[in-house]
Amino acid sequence: MQIAQFCHRYRAVAAGVLVSVWCANGVAQSDNSAWVTDELSTYVRSGPTDGYRIVGTLSAGEQVEVLETSGDYTRVRGDGGDTVWILSDELQQTPSATEQLPELEAQVESLTDELDGINDEWEQRVATMRESLEARQQRIDELETRNDQLSSNVDESSEQVRALQARLDTQEEDLLMRYFMYGGGVAGAGLVVGLIVPHLPRRRKKRDRWF
C-alpha cells in the first residue's frame, strides 16, 4: 500500500517536472522566435491586411522568425527563407505540442525507467524486511516453545521436591518414634532391673578367725 502511494506521488512529481520543463523551454526561447498554433494549417498573405492575397500556408507547429508586426498581422520568415504575413493570433510564444512531444515522451520514458528501478528497490527492501520479520517470528516461537518446556520441567521438579519433602518428613517422624520406643524400652528395662536386684539373695562374707 505504501509503495503504491509512493508511486502515485512520484508520477505526480514527474508530471509537474515535465510541465515545468515545457514552460521553461518556452521562456528560454529567443524573443524573435514563434510557433504556428496547432491547427491543421494556417493561411498566410503577402501583406498585413485581409485585402492582400493568400500566398500559401504554414504547417501547424512550425517554427518561424518574427520580423515585424503591423495591426493584426505579423511578418515572419519560414524555414524556406520566404517572408509572409500571418495573423498574430495564430502565433504562440512557446513550442507547439507537436514539437515538444518527442522530448516529453523521452523524459516520460526516462522517469518511468527510474520509477521502475525505485519500485524494484522498494520491493527488494520489503522482501528483505519480510524475511527478517519471519525469521524473528520463528525465533520467538522457538523461544516460547522452549520456555513452555522449561516451565513444565520446573513444575515437574517442584512436584518431585514436594514428594521428597513429604517422604523426608515421614522418615523423620518414624525415626523419632523409634527413638522414643528405644528410650522407653531402656527405661523399662532399668526399672525391672531396679525392682529385681533388691530381692536377689546376698552372699555372706566369711570372717577370718585369728584364734
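Analyst: Helices here are DSSP runs of H or I with at least four residues, and strands are runs of E with at least two. On that basis the chain of this predicted model has 2 helices and 7 strands. Their order along the sequence is α-β-β-β-β-β-β-β-α.

User: What makes β4 and β5 a pair of strands?

Analyst: Two strands pair if DSSP finds at least two bridges between them. Strand β4 (residues 63-70) and strand β5 (residues 73-77) are joined by 5 bridges, so they meet this definition, and they run antiparallel. Within this pairing, T69 stands opposite T74 of β5. The hairpin has 2 residues between its strands, and G71 there takes a positive phi near 65 degrees.

User: How do you know that β5 also pairs with β6?

Analyst: The requirement is at least two bridges, and 5 bridges join β5 to β6 (residues 83-87) in an antiparallel arrangement. R75 has W85 in β6 as its bridge partner. Between these strands lie 5 residues, and G81 in this hairpin takes a positive phi near 95 degrees.

User: Why is L176 called partly exposed?

Analyst: Buried means under 20% relative accessible area and exposed means over 50%. L176, located in helix α2 (residues 97-196), has a value of 47%, which lies between these limits, and is therefore partly exposed.

How values were computed
Residues numbered from 1 in each chain as written. Predicted model: local features only at pLDDT ≥ 70, side-chain atom pairs only at ≥ 80, totals over all residues. Heavy atoms only, no water. Buried < 20%, exposed > 50% of the residue type's maximum accessible area, 1.4 Å probe, protein only.
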